[in-house]
Amino acid sequence: MSANNLSGYWMPFTANRQFKAAPRMIVEAEGMYFRSSDGRDVLDGTAGLWCSNAGHGNPRIVKAIQTQAATLDYAPPFQMGTPIQFQLANRLVGMAPEGFSQVFYCNSGSEAVETALKIALAYQRARGEGTRTRLIGRERGYHGINFGGISVGGIVGNRAMFGAMLAGVDHLRHTHDPARNLFTKGMPLHGAELADDLERMVALHGAHTIAACIVEPIACSTGVLVPPQGYLERLRAICDRHGIMLIFDEVITGFGRVGAPFAAQRLGVTPDLITMAKGLTNGTVPMGGVLVRSGIYETMCDAAAAGAIELPHGYTYSGHPLACAAAMATLDVYEEDGLFERAAAIEPYWQEAIHTLRDARHVVDIRNLGLIAGIELAPGPHGPGSRGHEIYLRCWEAGVLIRVTGDIIALSPPLIVEKAQIDRIVETVRTMLKDID
Ligand SMILES: Cc1ncc(COP(=O)(O)O)c(C=O)c1O
C-alpha cells in the first residue's frame, strides 16, 4: 500500500506520519495468531488490546453475532427493551462479586468510566448528599479518553492538550515504588500506606465534598502497577469511613485476566461500582458496562418522582443486540472452556517465565499478576520511549505482538495461551533486547 491511500484515516493513539511511512497491517486472526498483510502469522502477546481473552475468531461467538444480525439488528434502548439485554444483565450480575444487582450498558471502557462517575454523583445526590461533587483519581491511572476519564486519570500526556479538565478532581499518588518493590512477583509488599492519601484528601477538602474514588485494581495502561498488599483494603476502609463510593475500573482486569471474573474477587476487595468492557465481548463488538452494588439503583428509583427517569443517561447503542449476543456467546465460551480457571492454572508458569527476563539486557524491573506482565526497560540513548518503540517493532518483525507504554513492555496474552507460546514470547523479547542499543 502506498502512503497516498493511507492518508484518509486519522489513526487513534498513533504517530500517524511514522506509521504511514512504514505501515503494519493486520488482515486476519485465528486463535493465538494475527495474520499480517505480508502473509506472516504473528503470535498475539497482548490479546489484541487487552480484550481478546478467548483468542480470535471463536466460531461460537462468530455464529452468535451472525445469527443476531439476521434476527434483530437494532432496537431502540430508551423506554424499550429486548430480551437478550435482560438475560445478559442477569448473567453479569451472577458473575459479579456478591451484593451487586444491576448493570448499565454502554459501548466502550471510556463510556463505562463516564457512566460510573455520573452514577456516583447522581447516587450521592439521591441519598441527600448533594454536596459530594468531588471525584478522586490516581496518578498514572488510565480511565479512557473522555473528559471525565482524563480528568480522574493521571497520565499527563493524555491531558496536556485538552484544557482545564473537570473541576473538583484530585489525585492520590501512584503506587510505584522502585526503591522497595523491584522485581516483585505478584503483589508488592510495600506501599499499603499510600492509600492514606485519601485521608489527606478528606482532611483537605472535607468528606462532605467527595463523591467517589476511582482506581484500576491493577493499573495496566501506565505500564502494569500491581497494588501493594493491603492497599485496596485500606482504600475500601477509608471510603467506608467517609461515605465515599469506591469505583474499580476493571476494563482490563475483568473477564478472567486475573484468573477470576473480576479482580475484585481475586483481590478480595469489593467496590461499589465496577466498570467493564474489552473481554466482555472478547473484543468482537464494542460494548461496555457498569456493575452496580445493591441499594444504589433502588435509592435512585425511590428519589425520582413517579414516572420520571431516575438516571438521565444512556447511549443510542446501549445494550446493542449484536453486542449482547456477542457477550452471551463470549460468556458461554469462558464458562464451557473453563478459561478463567485456565488462566489461574497457567499463571505460575507465566510468572516464572516472565521473571527469567530479569537478567535480559536493559531490563530494570518486572511486575506481574494474573496473565499480565510489565517489563520495564532503561530508557535508550534517543530519549524516553525510543527503546520501547524499537523493541515493539523488532518483535513484530520477529512474529510476536507485544505492547509498549514508553519504555515498559506490557504483555497480556489470550487466556488460551499455551506454555510453548509463553516461551516464544519471552525468548523473542530476550533475543530482541540483545540486539538493540
Ligand atoms: C482501565 C481502563 N479504563 C478505560 C479504558 C478505556 O477503554 P476504551 O478504549 O474501550 O474506551 C481502558 C482502555 O485500555 C482501560 O484500560
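Me: A crossing is left-handed if the near helix is turned anticlockwise from the far one by less than a right angle, and right-handed if clockwise; which hand is it where α13 passes α15?

Reply: α13 passes α15 in a right-handed crossing, and the names come from DSSP runs numbered from the N terminus (H or I of at least four residues for helices, E of at least two for strands). This is a predicted model, in which local features need pLDDT of at least 70 and side-chain atom pairs count only at pLDDT 80 or more, whereas totals for chains, interfaces and linings use all residues. Residues are numbered from 1 along each chain as its sequence is written.

Me: Which residues of α13 and α15 make that contact?

Reply: From α13 come Tyr349, Trp350, Ala353 and Ile354, and they meet Lys419, Ile422, Asp423 and Val426 of α15, where contact is C-beta atoms, placed from the backbone, within 7 Å.

Me: And at what angle do they pack?

Reply: Helix α13 (residues 339-355) and helix α15 (residues 419-435) pack at about 20 degrees with axes 10 Å apart, the axes being lines fitted to C-alpha atoms over the stretch in contact and the angle running from 0 to 180 degrees between N-to-C directions. The two helices are therefore roughly parallel (under 35 degrees; over 145 is roughly antiparallel, 65 to 115 roughly perpendicular, the rest oblique).

Me: While we're there, where does Arg424 sit, and what does it touch?

Reply: Arg424 belongs to helix α15 and, leaving aside residues up to four places away in sequence, touches Leu43 and Val400. Its C-alpha atom is 9.7 Å from that of Gly399, although 25 residues separate Arg424 and Gly399 in sequence.

Me: Buried or exposed, or something in between, for Arg424?

Reply: Arg424 is partly exposed, because it has 18 C-beta neighbours inside 10 Å (buried takes 20 or more other C-beta atoms within 10 Å, exposed 12 or fewer, partly exposed lies in between).

Me: What else packs against α12?

Reply: The buried residues of α3 pack against α12, and those buried in α3 are Ile61, Ala64 and Gln68. They cover an arc of only 60 degrees around the axis, so they lie on the same side of α3, the arc being that of the directions from the helix axis to the C-beta atoms. On the other side of α3, the exposed residues are Pro59, Lys63, Gln66, Thr67 and Ala70.

Me: Which residues of α9 are buried, and what do they pack against?

Reply: Tyr231, Leu232, Leu235, Arg236, Ile238 and Cys239 are the buried residues of α9, and because they fall within an arc of 165 degrees seen down the axis, they line one face of the helix. They pack against α8 (197-205), β7 (210-215), β8 (245-249) and α10 (263-267). Asp240 and Arg241, on the other side of α9, are exposed, and Gly243, just after the helix, has a positive phi of about 70 degrees.

Me: Last one: where is Ala160?

Reply: Ala160 is in the loop between α6 (147-152) and β6 (169-172), and it is exposed because 9 other C-beta atoms lie within 10 Å. The C-alpha atoms of Ala160 and Ile150, ten residues apart along the chain, are 9.8 Å apart.

Definitions and conventions. Contact = placed C-beta atoms within 7 Å. Left-handed = near helix turned anticlockwise from the far one by under 90°.
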